[in-house]
Amino acid sequence: MGTLGRAIYTVGNWIRGTGQALDRVGSLLQGSHRIEEHLSRHRTLMNVFDKSPLVDKDVFVAPSASVIGDVQIGKGSSIWYGCVLRGDVNNISVGSGTNIQDNTLVHVAKTNISGKVLPTLIGDNVTVGHSAVIHGCTVEDEAFVGMGATLLDGVVVEKHAMVAAGSLVKQNTRIPSGEVSFFSPFSFVVYCLLSLHTISVYISQSAKNYINLAQIHASENSKSFDQIEVERALRKKYARKDEDYDSMLGITRETPPELILPDNVLPGGKPVAKVPSTQYF
């Protein structure tokens, strides 16, 4: 670093130090209402040498997730809290409308024993359950990987196939379309045919639900402290009482627009009041 570079670096340090000092003073003035945010070195999107993530603007990546290196993520997908997608020795591709749920690990293999290159390819509208491990394999469109499942190098999960929760799928296994497979660590395998209802409703609807839920989380993560406090006060003010109680008093309660969820959150497009007790799944 030359003389000019060192001078610029020093000025940058001074500005950052001043900002941190002002933040501490502001926190003291806010008193008991303050929310202290400690400096974190965590980077949600991180390069590895010349490889950088390519993430569509409509993707929700949770603040505690890590998307690293040669990773592509398509429109409407969501990467949830605690997930790691590490594309260092090979590439990772995630399609559109896919959800990678909390604490899932997605990694790649440079090659297998036979020298075959093994990136990780995840298609469109795929659901990957919490704490799954996806390593050097292919999960085709509209497939479903259950919670805690482990998919080893070379595995192929075909379209509309399902891997049961907790399964350990051995290398180079192919799971046929329309089947649900239960794998145990003791080499016990059970295949069952999936009904058309399960394929069309359970698997497809799961992906749609997470697209909607990701929009809510993205909105919540972008709110300021003031917005959060105002909404909290509104929820308390407009909390619904028993319907019989309201009818006796002749009260008609209207929910403020600020507390209405997006129209596409529930089937049928009917908006509902956004109150703490609302559950989507």
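## Aromatic cluster

Phe60, Trp80, Tyr81 and Tyr210 make up one aromatic cluster, where rings of Phe, Tyr and Trp (its six-membered ring) pair if their centres lie within 6.5 Å, with planes under 30 degrees apart counted as stacked, over 60 as edge-to-face and the rest as tilted. The model is predicted, so local features need pLDDT of at least 70 and side-chain atom pairs count only at pLDDT 80 or more, while totals for chains, interfaces and linings use all residues. Residues are numbered from 1 along each chain as its sequence is written, and side-chain values use heavy atoms, leaving out hydrogens and water.

By this rule there are 4 aromatic pairs. Phe60 and Trp80 are edge-to-face, at 5.3 Å centre to centre and 65 degrees between the planes; because Phe60 lies in strand 3 and Trp80 in the loop between strand 5 (78-79) and strand 6, this pair ties together parts 20 residues apart in sequence (strands are DSSP runs of E, at least two residues, and helices of H or I, at least four, numbered from the N terminus). Both residues are buried, meaning under 20% relative accessible area, with exposed over 50% and partly exposed in between (1.4 Å probe, protein chains only).
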